[in-house]
Amino acid sequence: MTAPTARPARPGARLAWRPLQRSTRVAIIGALAATIFYQLFLLNPAYRGPGWLWVTMLAAEGLTALHLVGTWWTILAHDDRAEPVDVTVWRNRLRAGGDVPSIDVFITAYGEDPALVRRTVLAARDMDLPHRTFLLDDGDSDELARIAADAGVGYLRRPGGAHAKAGNVNAGLARTDGEFVVILDADHVPEPGFLLSILPHFQDPEVAFVQSPQSYTNNVNLVATGSGEAQRIFYELVCPGKNHFNAAFCVGTNVMFRRAALDSIGGIWIGSNSEDIWTSIELHKRGWKSIYVPQVLARGLAPQDVPSYLKQQLRWASGGFEVLLRGRLFKRGIGLTIDQRLQYLFCGTHYLLSVAMLTFMLFPALYLLFALSPIRADGLAWATHYLPFQAAVLLVTWLQSGGFKLSAIVASIGATPVHLRALGGVLLGRPAKWKVTNAGGDGARSLWAVMPLVAILLLNSTAIVVGVLVMADPAPTWLSVGWASMIVLILGRMIIESVTGGRIRRRVTPPSAAPVDARSATVEDSATTKVIAVAAVA
């Protein structure tokens, strides 16, 4: 098939975020220079500490730098070109009442709140353009069957529940025949214009799927806000660049597929609980194209308590590590371009940054307790090389996204042990099981979920006390105390959020939905933040 063509949103459309700013491009160039300057400092034998510790730091910092460079390279590929004329022409023809190909809309459900499912069902049913809506219930819920009947939409239930969400969607595919298929999670409420915005991009017969962003409406506490901010940065900064390389991947919801493309690979991939990214890889291997449309066309709900958030992160990280360790991305003759291989590689290295994060959280304690430091340099030499690197990393994200919330850094660092658990599970062949993110309800409390964070907090707290009491060299001691204190504050905030269940600051605003009419009135991602988090504490 031919080379990919970028497909930004149409002129005048409401974009999810602004295009890449010139100031961001300049900042990225400066950040690259600062990264090289800092890496050369670390590699200088004159500043080397104990060999094993120095090598450990080089590995952690090298991984961080590698992912940073890859992320910046992706951001610089951001494509701001106008939408192709033929896409606009088809959209205008559809607005004027032109023929619409058959479209099936799947809403996947498994144990979610029926009121939440109902909102999504009604909004999906009432989207513009003719289509059929199906509620795919993997939870055998008679209440959901009644909701579907009252809403006048299809209801499909299957026995067994094999292969989780992927199996649910494939069962729906086997019982429907629409030329195009939309997949929506039960908590993602689509806009009325969802189909009209997405469908015209399939004017290119080589396009397999079109993906739109995830956007969350429930910024009610630290976990929900931090999770939503991480997604916002990913979809704003990274996804437009992936689209340029024909490497935009499916994220499991807010996506439309060409049925013929899915048929060419036997349906949604069932060999992993991260069926979305593996399906994308298989389609790209066979030469199909993907398109990312940077318009918020559906709104969902982020996790609102720490156990739910960590459960989601475990599943996502497992998928990233599976791609990294088992994807054979650089095997010859698999049909991926070098750009696509690298973009999928970065999905795995994003979660691998948690290994570096853990290393950085242990360094201050090693110095304060055992006088061990990977770098032997005075404070001025270290600050001269590190601070420009740190400032540049934060500046790039700040300029493009208009700032970022500290809650995103807290949530990202708080997920470090779960990412390491996911890595161990993939290495041992025991990937995370699929579970609904918010099935436990809002406000779940758990100290057990954050016990690894408690252990790291206690280690650094002890180190602070010991370091101050036996202070031998004030300058590096106070530097390590400050570093350890920041770790304690960040982890402590995450622990408090977990044991209190995440205090809700205000009432949740449900995702927008189409008006409820009389006939239904009786029935309602990577990412870049981890990079910021690692750099902020490195």
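I28 is buried, because its relative accessible area is 0%, where buried means under 20% relative accessible area, exposed over 50% and partly exposed in between, using a 1.4 Å probe and protein chains only. You can find I28 in helix 1, which covers residues 22–43; helices here are DSSP runs of H or I with at least four residues, strands are runs of E with at least two, and both are numbered from the N terminus. Setting aside neighbours within four places in sequence, I28 is in contact with W72, I75, L76 and V396, contact meaning heavy atoms within 4.5 Å. The C-alpha atoms of I28 and W73 are separated by 8.7 Å, although these residues are 45 places apart along the chain.

A word on what you are looking at: this is a predicted model, in which local features need pLDDT of at least 70 and side-chain atom pairs count only at pLDDT 80 or more, while totals for chains, interfaces and linings use all residues. Residues are numbered from 1 along each chain as its sequence is written, and side-chain values use heavy atoms, with hydrogens and water left out.

Now for the annotated regions. The unreviewed UniProt entry places the feature "transmembrane region" at several stretches, including 26–44, 406–428 and 478–496; the positions follow the numbering used here, feature names are shortened, and annotations may be inferred rather than shown by experiment. Over residues 406–428 the chain is 91% helix and 0% strand, with 34 Å between the end C-alpha atoms. Over residues 478–496 it is 100% helix and 0% strand, and the end C-alpha atoms are 26 Å apart.

Next, look at helix 11, residues 306–326. From first C-alpha to last, its 21 residues reach 29 Å, close to the 30 Å expected at 1.5 Å a residue; that expected span is 1.5 Å times one less than the number of residues. Helix 11 is mostly covered, with 16 of its 21 residues buried. At its start, a side-chain oxygen of D305 comes to within 2.8 Å of the backbone nitrogen of S308. After the helix comes R328, whose phi is positive, near 45°.

Finally, visit Q214, in the loop between strand 6 (207–211) and helix 8 (222–244). Q214 counts as buried because its relative accessibility is 7%. Its side chain makes a polar contact with the side chain of H188 at 3.4 Å, and another with the side chain of Y235 at 3.3 Å. A polar contact is a pair of N or O atoms within 3.5 Å; within protein, one must be able to donate a hydrogen and the other to accept it, and residues adjacent in sequence count only if both atoms are side-chain atoms.
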